[in-house]
Amino acid sequence: MADSTPLKVTLYTYFRSSCSARLRIALNLKSIPYTPIAVNLLKGEQSSPENITLNPSGTVPTLIVEHPSKGPVTITQSLAALEYLEEISPASSHTLLPPASDPEARAVVRTLAHIMSCDVQPVTNLRILKRVAPFGVDRAAWSKDLIEDGFRAYEAIAVKSAGLFSVGDSITMADVCLLPAVWGAERAGVKVEDFPTIYRVAQQLEEEDAVRRAHWRTQPDTPEEFRLSSS
């Protein structure tokens with residue numbers, strides 16, 4: 001674990017990006033201040049020379065961590081960034097993984113995180129939806145079916161591991177990946193309540209301040225028509 005020396009953290013993000021939301025939630029949980037820089041995916045800013053220089057994949061998020069004693073670290077994959085934050089955070093911060101003494105629980109957390117991050121998100125993101133549209137694919141039906149497939153797999157595992165959250169009673173990396181996927185699922189017309197464990201855990205997560213501050217409808221780049229009412 002790292003010492004308590006403050007870090008300068010920058011997050012290149014997009015309000016609707018589920019991958020970006022994972023890091024927003026994690027940073028908030030760990031009480032790590034960060035500077036958000038918006039990259040508008042609908043305007044193609046992810047493909048700009050400036051963003052490609054930072055993130056050769058032409059995506060978001062990009063996490064940049066500047067340490068007092070070494071050069072900046074740039075991470076362009078959200079799961080790698082979550083693991084990195086876990087490794088550099090002081091022991092007193094919120095942990096995203098169960099203790100090392102419980103490798104089985106850690107494996108369950110990582111399995112659930114990968115279902116959302118590897119099975120669901122890549123095949124339902126904007127880049128893929130644009131690629132399949134010319135083949136006459138119904139983008140909404142495509143997303144809904146693939147999200148439901150992933151949710152069924154997540155539910156089957158989480159029903160055995162869940163307490164208040166997906167694995168036990170503490171928010172883990174699994175939850176950090178789950179909730180942004182739930183937000184996307186709702187926009188895709190998925191009936192999340194058909195997955196009782198996911199639905200219950202998501203409702204519990206929505207009550208967390210760290211989550212509220214990371215919500216896609218509360219970001220600096222969230223268009224006014226999508227913003228949550230302050231009333």
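## Two helices in contact

Val-109, Leu-112, Ala-113, Met-116 and Ser-117 of α4 touch Met-173, Ala-174, Cys-177, Leu-178 and Ala-181 of α7. Contact means heavy atoms within 4.5 Å. Helices are DSSP runs (H or I, at least four residues), numbered from the N terminus. By class, this contact has 9 nonpolar, 1 polar and no charged residues. Ala, Val, Leu, Ile, Met, Phe, Trp, Tyr, Cys and Pro count as nonpolar, Asp, Glu, Lys and Arg as charged, and the others, Gly among them, as polar.

The model is predicted: local features need pLDDT of at least 70, side-chain atom pairs need 80 or more, and totals for chains, interfaces and linings use all residues. Residues are numbered from 1 along each chain as its sequence is written, and side-chain values use heavy atoms, without hydrogens or water.

## How they cross

The axes of α4 and α7 come within 8 Å and cross at roughly 25 degrees. The two helices are therefore roughly parallel to each other (angles under 35 degrees count as such). Their crossing is left-handed: the near helix is turned anticlockwise from the far one by less than a right angle.

## The largest pocket

The largest pocket has a volume of about 1,100 Å³. A pocket is an open set of points on a 1 Å grid where a 1.4 Å probe fits, with protein on both sides within 12 Å along at least five of seven lines; lining residues have an atom within 4 Å of a point. The volume is the space filled by probe spheres set on the points.

The lining has 39 residues, and Arg-16, Gln-121, Thr-124, Asn-125 and Leu-126 lie nearest the centre. The largest share, 6 residues, comes from α4. By class, the lining has 18 nonpolar, 15 polar and 6 charged residues.

Methods
Axes are lines fitted to C-alpha atoms, for helices over the stretch in contact, and angles run from 0 to 180 degrees between N-to-C directions. Angles under 35 degrees count as roughly parallel, over 145 as roughly antiparallel, 65 to 115 as roughly perpendicular and the rest as oblique.
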